Amino acid sequence: MKRPPRPLLAFAAACSAVVAFASPSAAQQQVGRLTGTVKTIAGQPIKAATVRAENPSVVPREFTVTTDQKGEWAILGMRGGLWEITASAPGFEASTVMIQATTSLNNAPVEIVLMGTPVKGAMDGVDTKKLQASLGAAESLMAEERWDEAVAMYKVILAMVPRLDTVNLAIGRALRMKKDYAGSAAAYGEVLKREPKNQKALLGLGRTQHDQGDRAAAVATLEQVVAIDGTTAEAAEARDLLQQVRK
């Protein structure tokens, strides 16, 4: 068999390179974009509403986004299929719709209406400059391991913003470091009253139980952290601590 002339070989190689280069691009086209709005029954946009899309038949199976000032949201990277879209916001009843999405950038917008009344924000009426200064002072005390003073400062902050859960998390850590395990557990418990699946609070509680020597309670709490969402940094820390506890 005669060999093809060199120019033909070069042309074939060039074509192969083009096909190989184009393949990833083609694969990337197999995902779609879904957009929509979340509004009140009166047509007012709901800012910072949470929109969650789930489809257990594909990977990734879940997306979570929040709405902007206009109540608008967008998800890019979805596979085609039947998606469950749930919107929620403080003071409103959550609403769920089923959407058949395609691998297109032009899926029809999803309009979701929520019933209810927006609740007052945790930061409404708060002197943010004073709050930032107080948080900075408390963090400095924590860095210096002045646990009692840090706790006192954080309690002052809590009086300003009672629902700022990060403050209770910091109090829980400070009290755990000074071996006040009951106080630490109580601080984490304040967060869990409002948000039972808060992984940060559960991880802190699990560490407190471990330090206290309550092995069974620590294992149960840490396993709960992993069960809620095994992909988070808190879940990774919980798994590491579980290995230590079980040795």
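First, the ground rules. Residues are numbered from 1 along each chain as its sequence is written, and side-chain values use heavy atoms, without hydrogens or water. Because the model is predicted, local features need pLDDT of at least 70 and side-chain atom pairs count only at pLDDT 80 or more, while totals for chains, interfaces and linings use all residues.

Now the sheet of three strands. Strands, like helices, are DSSP runs numbered from the N terminus: at least two residues of E for a strand, at least four of H or I for a helix. Two strands pair if DSSP finds at least two bridges between them. This sheet is open, with the order S4-S1-S7 and mixed pairing. Its edge strands are S4 (72-78) and S7, each pairing on one side only. The twist averages 25° from one strand to the next; the angles come from lines fitted to C-alpha atoms and run from 0 to 180 degrees between N-to-C directions.

Val110, Ile112 and Leu114 make up its covered face, and Glu111 and Val113 its uncovered one. In a regular strand, side chains alternate between the two faces of the sheet.

Val113 also belongs to a nonpolar surface patch with Ile41 and Met115, with about 300 Å² of accessible area together. Areas come from the Shrake-Rupley method with a 1.4 Å probe. Ile41 sits in the loop between S1 (32-40) and S2. Ile41 is exposed, at 65% relative accessible area; exposed means over 50%, buried under 20%, and partly exposed in between.

The other open sheet has four strands in the order S3-S2-S5-S6, paired antiparallel. S2 (50-54) and S5 (81-88) share five bridges, and Arg52 stands opposite Thr86 in S5.

Last, helix H4, residues 165-177. Is this helix mostly covered or uncovered? Mostly covered: 10 of its 13 residues are buried, including Val167, Leu169 and Ile171. Just after H4, Lys179 takes a positive phi of about 70°.

Terms used
Buried means under 20% relative accessible area, exposed over 50%, partly exposed in between (1.4 Å probe, protein chains only). Patches are made of residues with over 30% relative accessible area and no salt bridge: like charges are joined within 9 Å, nonpolar side chains (Val, Leu, Ile, Met, Phe, Trp, Tyr) within 5 Å. A salt bridge is a side-chain nitrogen of Lys or Arg within 4 Å of a carboxyl oxygen of Asp or Glu.
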